[in-house]
Amino acid sequence: MGVPLRPLAVTSRTRSSYREFAPPPALADVVACGWHGRTGWARPLRVLPDGCADLVWDGDALTVVVTAGASLRLWVPASASRVGVRLRCGAASAVLGTPMAELPAGATRLSDLWGATARRASDVLAATEDPLVQREVLEGLVAARGAAPDRRVLAAVHALGGPGTRTADVAGELGVSDRALRRNLAHAVGAGPKQVHRIRRFQRFLRRLEPLAAGRTSLAAVAADLGYADQSHLGRDCRRLSGSSPAALVRVAEKFQTPPAARREDPGHDLSRDDRGAR
């Protein structure tokens with residue numbers, strides 16, 4: 001698993017690709033997107049924190065991948081294909097049936113959580129190489145759980161994504177105490193309100209990489225617009241969450257510019273560029 005800094009990124013030189021797809025309407029409350037990626041050469045892929053959890057089939061194992069407030073490095077071989085379903089921030093614990101704070105950073109075999117259900121799904125996934133079919137299998141697994149995430153948690157996650165958000169204000173709007181908000185977020189996301197806010201704001205910064213790479217705006221302007229105290233504050237958060245400076249992330253975005261799309265795979269299921277779910 002590895003999410004590029006540019007959605008829908010494709011590089012012809014390396015034959016690497018990554019594409020996201022909108023979830024079925026019935027799963028929209030718990031699934032942010034489905035995705036399919038292929039790596040062009042063997043390397044560690046950086047996974048940036050987004051507060052979500054991904055069910056990932058890598059051709060050998062079915063895992064759930066989570067981050068714990070900092071980027072992960074996952075090794076992938078050349079020409080590796082991965083298919084995943086991204087569970088929304090705040091919805092993963094309801095789907096997985098386990099508190100997110102109890103899951104370690106990185107990949108955990110889904111069979112450790114779901115036992116025979118996950119093993120049967122792995123057999124089905126191994127029997128096909130079609131990423132569309134594999135994605136449908138993963139979506140079917142999620143649908144079978146019949147999960148109903150806590151609406152207050154989802155509302156808190158949404159509110160914490162905005163600039164200038166205060167934990168006390170969010171708790172007050174939801175009618176819960178600060179302590180209850182921290183406890184509920186720790187269970188559903190694996191992080192407290194401040195960390196959720198930090199991650200959500202960082203994800204909003206990542207969505208500004210395209211205009212930054214094109215020179216249509218500046219880091220100082222983006223930092224102010226997103227509610228950072230100043231550009232240095234943005235830099236500290238970027239290094240904490242990604243291991244790179246904002247300028248370094250912009251240079252990566254410049255390097256992997258998305259070319260014009262050719263024929264779309266599964267066009268009726270593509271994810272709008274404006275719909276990134278909880279990322």
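Let's start with how the chain folds back on itself: among the contacts (heavy atoms within 4.5 Å) in the protein with a separation of 6 or more, 72% join residues 24 or more positions apart. What you are looking at is a predicted model, in which local features need pLDDT of at least 70 and side-chain atom pairs count only at pLDDT 80 or more, while totals for chains, interfaces and linings use all residues. Residues are numbered from 1 along each chain as its sequence is written, and side-chain values use heavy atoms, with hydrogens and water left out.

The protein contains 12 helices and 9 strands. Both are DSSP runs numbered from the N terminus, with at least four residues of H or I for a helix and at least two of E for a strand. Of the 279 residues, 52% are buried. Here buried means under 20% relative accessible area, exposed means over 50%, and partly exposed lies in between, using a 1.4 Å probe and protein chains only. The protein exposes about 12800 Å², and carbon and sulfur atoms supply 49% of that area. Accessible areas come from the Shrake-Rupley method with a 1.4 Å probe; for residues, only the protein chains shown count as cover.

Now find helix 5, residues 151-159. Its buried residues are V153, L154, A156 and V157. They cover an arc of only 160° around the axis, so they sit on the same side of helix 5. The arc is that of the directions from the helix axis to the C-beta atoms. Turned away from the buried side of helix 5 is a face with the exposed residues R151 and H158. The buried residues themselves pack against helix 6, helix 7 and helix 8.

How do helix 5 and helix 7 cross? The axes of helix 5 and helix 7 (residues 178-188) come within 10 Å and cross at roughly 95°. Axes are lines fitted to C-alpha atoms, for helices over the stretch in contact, and angles run from 0 to 180 degrees between N-to-C directions. The two helices are therefore roughly perpendicular to each other. Angles of 65 to 115 degrees count as roughly perpendicular, under 35 as roughly parallel, over 145 as roughly antiparallel and the rest as oblique. Helix 5 brings V153, A156 and V157 to the contact, and helix 7 brings L181, N184, L185 and A188. These residues divide into 6 nonpolar, 1 polar and no charged. Ala, Val, Leu, Ile, Met, Phe, Trp, Tyr, Cys and Pro count as nonpolar, Asp, Glu, Lys and Arg as charged, and the others, Gly among them, as polar.

Stay with helix 7, where A180, L181, L185 and A188 are buried. Their arc of only 125° around the axis puts them on the same side of helix 7. The exposed residues R179 and R183 lie on the face turned away from that buried side. Helix 1 (92-96), helix 5, helix 6 (167-174) and helix 8 (193-206) are what the buried residues pack against. Just after helix 7, G190 takes a positive phi of about 90°.

Is Q195 buried or exposed? With a relative accessible area of 19%, Q195 is buried. Leaving aside residues up to four places away in sequence, Q195 touches G69 and L241.
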